[in-house]
Every structure is written in structure tokens, then in C-alpha cells.
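Please keep the sequence and the 3D view at hand while reading.

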Amino acid sequence: MSKHEPVPPPKERSVLGRNSSYKDYTKSWVSGRKPWRCSAHHILPVSCFKLHNIKCSPASKKYYVRRCLWVSKYNVNGGTKFAGLQKPIGENNMVRLPTKSGYTKTYPTPRRPKYKNPHPENECMHSGSWSEHFLYNKEVQQWLNDNVWKKLQENKAKHQGKGKSILADLQKGEKHFRDELVKRGKRNDGTKACWKDKNKARRSLPFSMASTIGPYKTRNPV
Ligand SMILES: [Zn+2]
């Protein structure tokens, strides 16, 4: 006798898992080697939508949250499913970021003292080796918890059948973290100043996706 909007069949649910189309919805995407080594980043990472990463109290409420997510018509890859509701390319959930070798292969080294062209500038690295992506994911999980999941739990009655407002909240998250990545790449006078000055304090900062510099080595980002 549930008053909930019925759970839609899998084909009609939100797309919450990575699929191969995500690069097509990444602005300026050419390949992982052009214009420099790079990869496509899910601004709200796919792992944040996994059941075990949805933090609720009591924990059983995560099933309710997932059910709300399913009806929200969200597409984590920015793809064509629910096309009219998704943000256009460049404002959606996908962004291109240089990898670590996007910098090491184009910025000056003792053997090659000049910048190679083209080269990235003031863009956070997607594959740092100091757990930056891991920390970034934790920040996004916290943001989603504070700004979306909690609201759903508290206003269970009010949110019935409000898939659209959940979509809008997720899109606010996309914008928030897209803007953060832009700001973060410019920290500490930016990537070039930090690359050049070996004695500069916290010179890894503009290269980090996270709010700070990762403290420990970790596996590859998710
Ligand atoms: Zn990523």
C-alpha cells in the first residue's frame, strides 16, 4: 500500500553507472592523447551513487534514497537518455582533465627546458599519485549527503514524486564541483608558477583535484 511513485523498470531508471558513451559528452574531447594526455572525469563520480557510499542514518534509508535517484531521470554520463532534462555538454557531469603525464610530458624538465605546445595550464590533474581523486570523491559524497540525501530523508512525504527537484539538486552539485575544479587549478599562483619554483610552499596544490594535497599514495582513481 505504498504511496510512493512506483519504482520504474530498469530501462526507465536514471543512469547511475558508467557507460562507454561518457567521452562523447565531454566538451572538447578528442582522445586521451590530445591535446595532451588527459582523461574524462565524472564531476559527481560514479562511485558516489553506489549503495555502500550513500551515507544515511539509519543506514537502511539508503534504499529509499536510491529509489528516489532511480526516478530522478539523472544521467551520470551526461548522455542522451533523458536528453531534454540533462545539462548541455560543457555544463553536464563530464569534464576533461589532464593526467599527470599531461603535465610531465609538456612542462619543462632539466633535459627539455621549454614548454611543449600545447600544454595544460591551471587544470587539476586527474591522475595524481597522492590520493587526490580519493579525497575529492569523499568531498562529493559529503556534499551529496548534506545537500541532497539528507533533504530526501527529512522530507520523505514532501518529496514523493519529486524526481525533478532531485535532478536539479544533482545538477547544482555538478556546477558546484565544476566551479571548484576551475578555482582549484588556479591556487597558489597556478600550475606554471608552482612547477617553476621548486622551493615554493605547497606547490602541488593547483595540480590537486582535492581541497588540499593528498597525504598518502593510493590506487588509481575511481
Ligand atoms: Zn575522475
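In this predicted model, helix H1 is followed by lysine 73, whose phi is positive, near 60 degrees. Within H1 itself, which spans residues 62–71, the buried residues are Val65, Cys68, Leu69, Trp70 and Val71.

The protein chain has five helices and two strands. Along the sequence they follow the pattern β-α-β-α-α-α-α. Of the 222 residues in the protein chain, 34% are buried.

The elements below are given with their residue ranges.

| Element | Residues |
|---|---|
| Strand S1 | 38–42 |
| Helix H1 | 62–71 |
| Strand S2 | 94–98 |
| Helix H3 | 132–154 |
| Helix H4 | 163–185 |

How do S1 and S2 run relative to each other, parallel or antiparallel? They run antiparallel, and five bridges join them. One of the pairs links histidine 42 with methionine 94 in S2. S1 is mostly covered, with four of its five residues buried.

The largest nonpolar core has 38 residues, and Leu44 and Leu69 have the most contacts inside it. Two or more core residues come from each of S1, H1, S2, H3 and H4. H3 gives the largest share, seven residues. In soluble globular proteins, nonpolar side chains tend to be buried together.

Leucine 44 also has contacts beyond its neighbours within four places in sequence: Val76, Asn93, Val140, Leu170, Gly173, Glu174 and Phe177. For the protein chain, considering contacts between residues at least 6 apart in sequence, 74% join residues at least 24 apart.

Note on methods
Residues numbered from 1 in each chain as written. Predicted model: local features only at pLDDT ≥ 70, side-chain atom pairs only at ≥ 80, totals over all residues. Buried ≥ 20, exposed ≤ 12 C-beta atoms within 10 Å, placed from the backbone. Pairing = 2+ DSSP bridges. Core = buried A, V, L, I, M, F, W, Y, C linked by C-beta atoms within 7 Å. Contact = placed C-beta atoms within 7 Å.
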